[in-house]
Amino acid sequence: MRRAAILVLAATLLATGARAQSLAIVHAKAYATPGAPPVEDATILVRDGRIQAVGAGLAPPAGAQVVDAHGAVVTPGLMNAATQLGVLEVASTDDAVDQAVKSGPLGAAFDVEYALNANSGLIAVARADGLTRAISLPTGSAGAPFAGQGAALRLSEGGDILDRPRIAMAAVVGGMTSGQAGGSRAAQWRILRNALDEARAYGAGRRGLAPRDQLLNHLDAEALAPVLDGRMPLAITAQRESDIRQAIALAADYRLKVVIVGGAEAWRVAGLLAQARIPVVLDPFADLPYTLDQIGARLDNAAILDKAGVTIAFALTDGLSSVYNNYLAGEALREGAGLAVANGLGWDAALKAVTTGPARIWGLADHYGTLAAGQDADLVIWHGDPLDVSGWPDAVFVRGEAVSLRTRQSELRDRYAPGHAGDAWPSDYRR
Amino acid sequence: MRMVSRPLACAALALAALLGACASAAPPAPAASAAREPLPYKLDPYPSTYKPLPRVDTLIVGAVLLDGAGRRLDGADLLLKDGKVVAVGPNLARPAGVAVIDAHGRWVTPGVVDIHSHDGDFAMPMTANDLQTLDVSEISDPNDANVWAEHSVSPQDPDFSRALAGGVTTLQVLPGSDPLFGGRSVVLKDVPANTVQAMKFPGAPYGLKMACGENPKGTFGAKGRFPNSRMGEMAGYREAWLKARDYKAKWDKYERDGGDPPARDLKMDTLAGVLDGDIRVHMHCYKAEEMAQVIDLSHEMGYRVTAFHHAVEAYKIAPLLRREGICAVVWADWWGFKMEALDAIRENAAFLDAQGVCVTLHSDSPMVGQRLTVEAGKAMAAGRRAGLDIPPERAIEWVTLNPARGLGLDGQIGSLEPGKDADVVIWSGDPFSVYSKADQVFIDGALVFDRSDPARRPVSDFELGQPVLEGRP
């Protein structure tokens, strides 16, 4: 009954079309500040797409659309901290993949924002699973170890999904990727450092080297400028402890903001990471020595890092979960967060790792991550526990707008639901 | 010479009290014929040497018990004796000398059966070398029915102990899906061992992996080889089955009339085994129309398809699969990563189950293979969301009895009924929840995994002496 009531209300919201001027979700168990206890019987007031107030038993203003959550859990919309959403459609065919460049002049200058496809089927599925934000990171370029620049997405409907462009500079280091640097990760780190040196010189207008001695072209040199002045984090995908230690040293030597992505063995240097304030975007499913770079992978990586004071977020970057990473960017994120809870991370800390954690890591906390007044009103009303597989979203709001939970899959589900065996006409006529 | 191994194989089977399985591997006794021994192509020259690990009779008391055969018993006891399930029910008598495990507040299920694993032949860690020479697939010919997955299996793959910690007690290791005929599968007990033979499920029928769709035509077409189209794939199957029928006819004639035995052909051995009904066909197929073509193909050539694996569009042809008695082996939620996976829906398992099709959740990945009950939980939730009432005692069959049926072992494993093998999992809570873990796992009555006892948690040779695994805070 409760679920039906919410669905009816959500459908009503959708039917009215445009963004509600004023929306009130009442009788919610609101995790307004992930990490803190929920507000029971909360009213969440939304105006012009932003959170206006959250409080127990607040009266909805006159004229507001009211959604009764009937005591259900309401959280901020979830965020996946490293995906290829918007730049990947069908992984098996090159024409439907824009996440990497194999040749050409672009290295650090490669920027995924120009390829983003708001109508991607993957985005619709992620949104229906309660994901309202995601980082889209490039996975490789001809200028390795740099992979290029990622973007922050908001998974709203209507074509405009770019939250913030150039949110991070991605680099990939490790045994399986060292080939492009000549076959050694030592060369990867040297090339990385040299690129930063050349970019700094380029930015300072120095022309110390003859052009033919420079390894970096002007596009890449320009792209690295915000990394050097600390405005853009350098997101280094690395699994092995030795590479994570190199990343820590790089951050100190160049005074960079570094984010570790992957970090299967990050737990080994949890104290150093906390001290250096280097956050980790980790895969909560990673517990196998998939390659020799992640012999130390273990399911309590998240719990150990959190306890040490490292800011964590989740993404499904392990090689074994390539389907989870993008095709299940919302559902698997929730399952992974639950798995981290099963392995020692607090439930509240896990919710942070899929909301405020990534918001802080990628510099989006000014407008996303909590239900504090003034934040974008990204909200999910949950059926059950958002971090267990028995739960699901009953309603999803992005910047105050109720978004459709329809996907190609839900249309197929409705078309092929049991009970049509006696139909005289083929299923193509059913819509 | 070739006959020598037969009595040994059957002796091993007899030791494990599996006379039925041994008998089923042998052809009916010929009335008056020169060839009285089983035909050489039907023998298993790599017989199981599995022996149950040391065990004590055990009474598990007070659990929420899902028996795998459709029953849920709250506060039930389960008695395991001599490696078998002896009794299930409330307040069982406690025989002298029996170990008692208090399972109040915990859940008990049959051991999980993973019908589609690559553990051991996709062994961790992967290296750059494996990118070209992966042990999971022979891709030198579209017909690789001559290869046997067990010859690739590394028993020290850390995947096995992870799966065990997720409650898996039996798994079928399949070759990959690049060729049309990928080769023979092997069914293993998830027990730590140094040889594959010591893991081999005694008497389990062999499977043949076949594959439809994008993988075979992609693998071979990209090399300019046959097949490069789906119609080529069908032609490839048909030509091979025609040859196999001729091959089988020669052996049948030999068995009937004697004379010189036909020349052995390893590919044809396996296909003839399918035509004999001894080897079960496990067919990788995503799309509805391909499954329907393969069903007609099986009728044309005179064999049975046991299960369609991955089967993302099975929900589109549920009545056909029910009529044919073919199981659908599916993921809970994987979709989209290739064109033939675009139409996967999360309600696939629930819709099929509701229409009377035998449904199994599978892993195909060592990551998923650690949490098949959670996969079933996801599929159950999707069904509930679509309005289907699927109780836990039903959903557990998707990862226990149904896969056991697919392996032809449902008389022996897959449910906690008296007389069946004592493959049992005690879960910390609801096995479909992401928060629950397998606390204890029994195989043939032996406690092979105990989360609370480091001495009962196997560690692979590879993970021994690794500095990076030490020093946990």
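How many residues of domain 1 of chain A are in contact with how many residues of domain 2 of chain A? The first legend gives the answer.

**View 1. The meeting of domain 1 and domain 2 in chain A.** In this predicted model, 17 residues of domain 1 of chain A are in contact with 24 residues of domain 2 of chain A; two residues are in contact if their C-beta atoms, placed from the backbone, lie within 7 Å. On the side of domain 1 of chain A that touches domain 2 of chain A, strand 5 (73-76) and strand 15 (392-398) of chain A are the elements that give two or more residues. Strand 15 of chain A gives the most, with three residues. Helices (H or I, at least four residues) and strands (E, at least two) are DSSP runs, numbered from the N terminus. By class, this side of domain 1 of chain A has eleven nonpolar, two polar and four charged residues. Here Ala, Val, Leu, Ile, Met, Phe, Trp, Tyr, Cys and Pro count as nonpolar, Asp, Glu, Lys and Arg as charged, and the others, Gly among them, as polar. Domain 1 covers 2-76 + 373-403 and domain 2 covers 78-361 of chain A, with bounds from an automatic or database domain assignment. Their C-alpha centres lie 31 Å apart.

**View 2. An open sheet of eight strands in chain A.** The strands follow the order 6-7-8-9-10-11-12-13, and their pairing is mixed; two strands pair if DSSP finds at least two bridges between them. Strand 6 (78-83) and strand 13 (312-314) of chain A are at the edges with a single partner strand each, so one side of each has no neighbour in the sheet. Neighbouring strands of this sheet are turned against each other by 25° on average, direction ignored. Within chain A, strand 8 (residues 146-154) and strand 9 (residues 162-172) pair in the antiparallel sense over six bridges. A:Phe146 stands opposite A:Ala171 in strand 9 of chain A.

**View 3. The contact between chain A and chain B.** Here 42 residues of chain A are in contact with 45 residues of chain B. Helix 2 (121-128), helix 9 (331-342) and helix 12 (408-416) of chain A each supply at least two residues of the side of chain A that touches chain B. The largest share, six residues, comes from helix 9 of chain A. This side of chain A comprises 25 nonpolar, nine polar and eight charged residues.

**View 4. Helix 4 of chain B and its surroundings.** In helix 4 (residues 214-221) of chain B, the buried residues are B:Asn215, B:Pro216, B:Lys217, B:Thr219 and B:Phe220. A residue is buried if 20 or more other C-beta atoms lie within 10 Å of its own, exposed if 12 or fewer, and partly exposed in between, with C-beta atoms placed from the backbone. The buried residues of this helix pack against strand 10 (207-211) and helix 5 (230-257) of chain B. In chain B, buried residues make up 56% of the 473 residues. Chain B has twelve helices and 17 strands.

**Notes on the model.** Residues are numbered from 1 along each chain as its sequence is written, while chains are lettered from A and ligands numbered from 1 in the order in which they are written. In this predicted model, local features need pLDDT of at least 70 and side-chain atom pairs count only at pLDDT 80 or more, whereas totals for chains, interfaces and linings use all residues.

Note on methods
Axes are lines fitted to C-alpha atoms, for helices over the stretch in contact, and angles run from 0 to 180 degrees between N-to-C directions.
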